[in-house]
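Trainee: I would like to go through the side-chain contacts of this chain with you. Please show me the sequence and the structure.

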Amino acid sequence: MSYVDEVIERVVKENPNEPEFHQAVKEVLDSLRPVVDANEKAFRRDALLERLVNPERQIKFRVPWIDDNGQVHVNTGYRVQFNSAIGPYKGGLRLHPSVNLGIIKFLGFEQIFKNSLTGLPIGGGKGGSDFDPKGKSDREIMAFCQSFMSELCKYIGADTDVPAGDIGTGAREIGYMFGQYKKLRGLFEGVLTGKGLSYSGSLARTEATGYGLLYIVEEMLKCHGKTIEGKTITVSGSGNVAIYAIEKAQQLGAKVVTCSDSTGWVYDPDGIDVAALKEIKEMKRQRLTEYKNYRPNAEYHEGKGVWNIKSDIALPCATQNELGLEDAKTLVANGVIAVAEGANMPTTAEATDYFQANGVFFLPGKAANAGGVATSALEMSQNSERLQWSFKKVDAKLKGIMVDLYHNIDEAAKRYGFEGNFVVGANIAGFEKVVDAMNAQGIV
């Protein structure tokens, strides 16, 4: 049995009931076989893959809080500090009922390589809780966030571990958490990113993941003699990533015709109205059923169906495993030329394989959605300097990072004989930097 297969088998055995983590490890290690096989003796001797797939630290804790009726609730909090070889742990905090240790480990493992690909000095980590912020009052959100941070603050710091937002954790939640950290630790430092502009946040951070997604797609198409201008794009999701991916796509001359939320989806043949979408989702925090009140010609459908709409480019920006094999077949039959992941692993392995087998350009999330964490790292730099850069400066740095990232993964794929396979290229490019740092620092 090969070294890669041994490690995958061991991960599954030692981490039962964590299918998302198994999926992430298998996907990454499978694509790293050319590198591992070429260095198998040294990697086995140093147990390199075993060290890579085992978090340096994983923390689980209870989070008691009181609702507006005086009832006490107890949720579970997590922080997985996966790998600090190239910098402080960096990764978001997800607040969603589906959160468990396996999902946090899957996200944290992916974060190692995503952060490495940015070229910035940030390691991989992830955290969150099974708390559901939907339907909660601001006071209840504050109560949870303060309780959550009362424990988490023991393990994080500007030079140790710098969490950020994720699903369910936006500017409001980051603000409450930062206030509690500052009160308990007596430090005003860049311990969280995604902060408000009035307290050391970064301009362009809100837009970064969506904008970065389009910058890397634009560069990929340009390198293959194509352009975004005039293309029809389908997008899933209606959160931060989706909204600003739609906005940037339209700025680049494309027409985006879909978006979705957890209950349904919208098809707007005239192009999604970004201003209406922002008002519904960011200001009023309502469901997409409201969209027809702004655009009567649009269609609203319950359930799922975004990928049935004919498009040139598909951008899954909602959640993991949302685009399956049947969806991939439909997209290919309808002539899609490119798929890029705005969310974390939204495309199943079978769908990914189908896209690649049918000549579709496929950009995995660890590359395509790295703009968010890249700009978080730029926020860390601004915090260290006690400065706030202009939107134009941050956006220009973001675009440069995403353009360089594309060329790095493209070159890594070519170097190992996998030209055009950006999944392999992303994993290898991210892996090589982390391995160099791990080897330099010894067995720790």
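Trainee: Which kind of contact do the side chains of Glu247 and Lys278 meet in?
Mentor: This is a predicted model, in which local features need pLDDT of at least 70, side-chain atom pairs count only at pLDDT 80 or more, and totals for chains, interfaces and linings use all residues. Residues are numbered from 1 along each chain as its sequence is written, and side-chain values use heavy atoms, with hydrogens and water left out. The rule asks for a side-chain nitrogen of Lys or Arg within 4 Å of a carboxyl oxygen of Asp or Glu. For Glu247 and Lys278 the N to O distance is 2.6 Å, and the contact is a salt bridge.

Trainee: Which helices do Glu247 and Lys278 lie in?
Mentor: Helices are DSSP runs (H or I, at least four residues), numbered from the N terminus. The pair ties together parts that are 31 residues apart in sequence, because Glu247 lies in helix H10 (residues 240-251) and Lys278 in helix H11 (residues 274-283).

Trainee: Is Glu247 buried or exposed?
Mentor: Buried means under 20% relative accessible area, exposed over 50%, and partly exposed in between (1.4 Å probe, protein chains only). Lys278 has 21% and counts as partly exposed. Glu247 has 15%, so Glu247 is buried.

Trainee: How many salt bridges does the rule give?
Mentor: Another example is Arg33 with Asp5, their closest N and O atoms being 2.6 Å apart. That pair links distant parts of the chain, with Arg33 in helix H3 (residues 33-38) and Asp5 in helix H1 (residues 3-14). By the rule, the count is 29.

Trainee: What class of aromatic pair do Phe144 and Phe148 form?
Mentor: Rings of Phe, Tyr and Trp (its six-membered ring) pair if their centres lie within 6.5 Å; planes under 30 degrees apart count as stacked, over 60 as edge-to-face and the rest as tilted. Phe144 and Phe148 are four residues apart in helix H7 (residues 138-152), so about one helical turn separates them. Their centres are 5.6 Å apart with 25° between the planes, and the pair is stacked.

Trainee: Which class do the rings of Tyr211 and Tyr215 belong to?
Mentor: Both residues, Tyr211 and Tyr215, are buried. Their ring centres are 6.4 Å apart and the planes stand at 75°, so the pair is edge-to-face.

Trainee: Which ring does the charged end of Lys393 sit over?
Mentor: The rule requires NZ of Lys or CZ of Arg within 6 Å of the ring centre and within 35 degrees of the ring normal. The charged end of Lys393 is 4.6 Å from the centre of the ring it sits over, that of Trp389.

How values were computed: Helix = DSSP H or I, 4+ residues; strand = E, 2+ residues; numbered from the N terminus.
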